[in-house]
Amino acid sequence: MVKRSKKSKSKRVSLKQKYKVIRKVKEHHKKKAKEAKKSGLKHKRKVEKDPGIPNDWPFKEQELKALEARRARALEELEQKKAARKERAKKRKMGLLEDDEKELSVEEVKGIDFSTGIVNARDNSDRAFYKELVKVIEASDVILEVLDARDPLGTRCVDMEMMVMKSGPDKHLVLLLNKIDLVPREAVEKWLKYLREELPAVAFKCSTQEQRSNLGWKSSKAMKPSNLQQTSDCLGAETLIKLLKNYSRSHEIKKSITVGVIGLPNVGKSSLINSLKRCHVVNVGATPGLTRSMQEVQLDKNVKLLDCPGVVMLKSSGNDASIALRNCKRIEKLDDPVAPVKEILKLCPERLLVTIYKIPGFESVDEFLQNVATVRGKLKKGGIVDVEAAARIILHDWNEGKIPYYTMPPGRNQEELSEARIVTELGKEFNVDEVYNTESSFIGSLKSADDFHSVQVPPSHPLNFDETILEVYDCPFLSSIWDNARPLPSTEVDESQEVISDEPMASEEHDAEKAKSKSTTSKQNEKLYAVEGMFNPKMKRAEKKRKKKAKNKSTLGGDAMDDEGDYDFGVDYVKGKGQNTCGVPMSGIEVDE
Ligand SMILES: Nc1nc2c(ncn2[C@@H]2O[C@H](COP(=O)(O)OP(=O)(O)OP(=O)(O)O)[C@@H](O)[C@H]2O)c(=O)[nH]1
């Protein structure tokens, strides 16, 4: 046998080893190439200079002139576009741009204020929000009106409730007392008793958890008073779902129901939907007006929830402070943030504010604001204290519950009590007695007023819609509310009755409307007007116009042209005065031919 030399070693390797080496080499080259490419980019080759038009080009002069003209034109166009944009923005600010939905969406993106004081200055948001509200009410079987437990009356909107009542007998309104974690047990109990004298009402606390999903629910059974105030979990969800299920079960044929969530801005409508769904499906935030359009959320196969934007077209009765204290207006956009702070100082004892802001005692609003601004470091240029910034901080704290307050329900007079007894019937379809029993356990575990260091303030008045919007936006629901529910001067009442009984005029107007537009809004309005007892403002206006025309005709001795010089198609102008063939459209033309 040949002996193997120990010195010479074979270079043969296994195929696995061989391919590994090849792969490694390949990877190395690739890496090198990449790096080279990268470094090559850094030392970018200079862009070659445009040699321009050669001098010996015969049309060089003309070509240069044309180029210059093109440049000037492009610049001019840019300037024109800029000016047009500015003009449009100016018009929009003045409220002259009406139906520009595109503009609205731009505003939405930019988050422009939607509720400045005057109706003209309010942009289209008010009307858009109103439309969304009508849509939600129309689509819903059950409507949840969310109220802030700290001031339930102040966050109630009477006109909105009337809209629900008027929209049909099959719509059911339920009041939801939200944010019960911010008030003592006694207040919740008394408010529930008060509200239940009018409508079915349930207590609720939304989940304030930040995570995307798996929002917690606290079971009503396992509650300890000590940890309730700190919990970020939701309370009352089981009760509310039970209530809704009872309703859907009470209707044998129709099993699935749509639940609309309405209320003033920032009362927690979106938070309620997220809490029920147990995940963040809709946007939530401490800024009023965050929700801008109706949003649908399927809770389960039987219940669909509709989130509605907070209603902002509220009447402030010349007092913006009260609107600001109800968090219906963006604090950043308030013209005078100091006025609502003055109101807060009237309501809150000095001791409480001194403790919250860790400031020395104060004598006046100015001193208080200056103290807060100093402590919070709100200084303007030159070290001047920013009183307005301090006022905004205080308003934020008031609305978010950092300055704790609550209200107690007012007493009812005898008349109201007898009315209240009649409406208790409304809860039958929800089987409210069974539902109310389940919720008593978690309400009982809320902290009592003695353990709750908050200030009791008098309850505010419920809000109404701003009447001026009625004229500006031509809101059919609202006009009916004003004419049917609010006392009107006797002459006006008579007029409206006359219009309703005037059938030929009604059909005439109806036909004209049909021809005018077939938009969804007009269709919706037609539907609304068709409801028995619904007042039609268009009809009223038409009637007034007709009366005015008739009056003019009699005073001018049968002159068919009215004061404004409008052409009346029912008149034969060709034949001259006195030969009025009123009532036969275009008859004059026919005769002439
Ligand atoms: N403490 C407490 N805060 C709550 C509760 N529910 C909602 N909030 C807070 O209230 C603020 C407003 O909540 P949203 O759900 O955005 O209110 P909204 O009614 O949908 O507001 P808009 O979109 O403006 O109509 C948020 O900062 C919530 O965290 C609650 O039960 N308790």
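Q: Is Lys16 buried or exposed?
A: Lys16 is exposed, at a relative accessible area of 73%. This is a predicted model, so that value is computed from predicted coordinates.

Q: Where does Lys16 sit?
A: Lys16 belongs to helix α1, which covers residues 15-42.

Q: And which residues form the positive surface patch?
A: The patch is made of Lys16, Lys20, Arg23 and Lys24.

Q: Switching to the whole chain. How many helices and strands are there?
A: The protein chain has 23 helices and eight strands.

Q: What share of the residues is buried?
A: Of the 593 residues in the protein chain, 42% are buried.

Q: Among contacts between residues at least 6 apart in sequence, what percentage join residues at least 24 apart?
A: For the protein chain that figure is 70%.

Q: Now helix α9. Why is it largely enclosed by the rest of the structure?
A: Helix α9 spans residues 269-277, and eight of its nine residues are buried, so the rest of the structure largely encloses it.

Q: Which ones are the buried residues of α9?
A: They are Lys269, Ser270, Ser271, Leu272, Ile273, Asn274, Ser275 and Leu276.

Q: What covers them?
A: The cover for the buried residues of α9 includes the strands β1 (142-148), β2 (172-178), β4 (257-263), β5 (295-298) and β6 (303-307). Helix α8 (237-250) is also part of that cover.

Q: What follows α9?
A: Arg278 comes after α9, and its phi is positive, near 65°.

Q: Salt bridges next. How many are there?
A: The count comes to 11 salt bridges.

Q: Which residues are linked in a network?
A: Asp148, Arg150 and Lys179 are linked in a network of salt bridges.

Q: How far apart are the closest N and O atoms of Arg150 and Asp148?
A: They are 2.9 Å apart, and the two residues form a salt bridge.

Q: And Lys179 with Asp148? What is the N to O distance there?
A: The side chains of Lys179 and Asp148 meet in a salt bridge at 3.9 Å, N to O. This pair links distant parts of the chain, with the two residues 31 residues apart. Lys179 is in the loop between β2 and α6 (185-196), while Asp148 is in strand β1.

Q: Is Asp148 buried or exposed?
A: Asp148 is buried, with a relative accessible area of 7%.

Q: What about the relative accessible area of Arg150 and of Lys179?
A: Arg150 is buried at 3%. Lys179 is buried too, at 18%, since the cut-off for buried is under 20% relative accessible area.

Q: Moving on to Glu343. Which residue does it form a salt bridge with?
A: Glu343 forms a salt bridge with Lys346, and their closest N and O atoms are 3.4 Å apart.

Q: How are Glu343 and Lys346 placed in helix α11?
A: Helix α11 covers residues 338-347, and Glu343 and Lys346 are three residues apart in it, so about one helical turn separates them.

Q: What accessibility does each have?
A: Glu343 counts as partly exposed, at 29% relative accessibility. Lys346 is exposed, with a relative accessible area of 65%.

Technical notes: Residues numbered from 1 in each chain as written. Predicted model: local features only at pLDDT ≥ 70, side-chain atom pairs only at ≥ 80, totals over all residues. Heavy atoms only, no water. Patch = residues over 30% accessible without salt bridge, like charges linked within 9 Å, V, L, I, M, F, W, Y side chains within 5 Å. Areas by Shrake-Rupley, 256 points an atom, 1.4 Å probe, with all protein chains shown as cover. Salt bridge = Lys/Arg side-chain N within 4 Å of Asp/Glu carboxyl O. Lys, Arg positive; Asp, Glu negative; His and termini not counted. Charge placed at Lys NZ, Arg CZ, Asp CG, Glu CD. Helix = DSSP H or I, 4+ residues; strand = E, 2+ residues; numbered from the N terminus. Buried < 20%, exposed > 50% of the residue type's maximum accessible area, 1.4 Å probe, protein only. Contact = heavy atoms within 4.5 Å.
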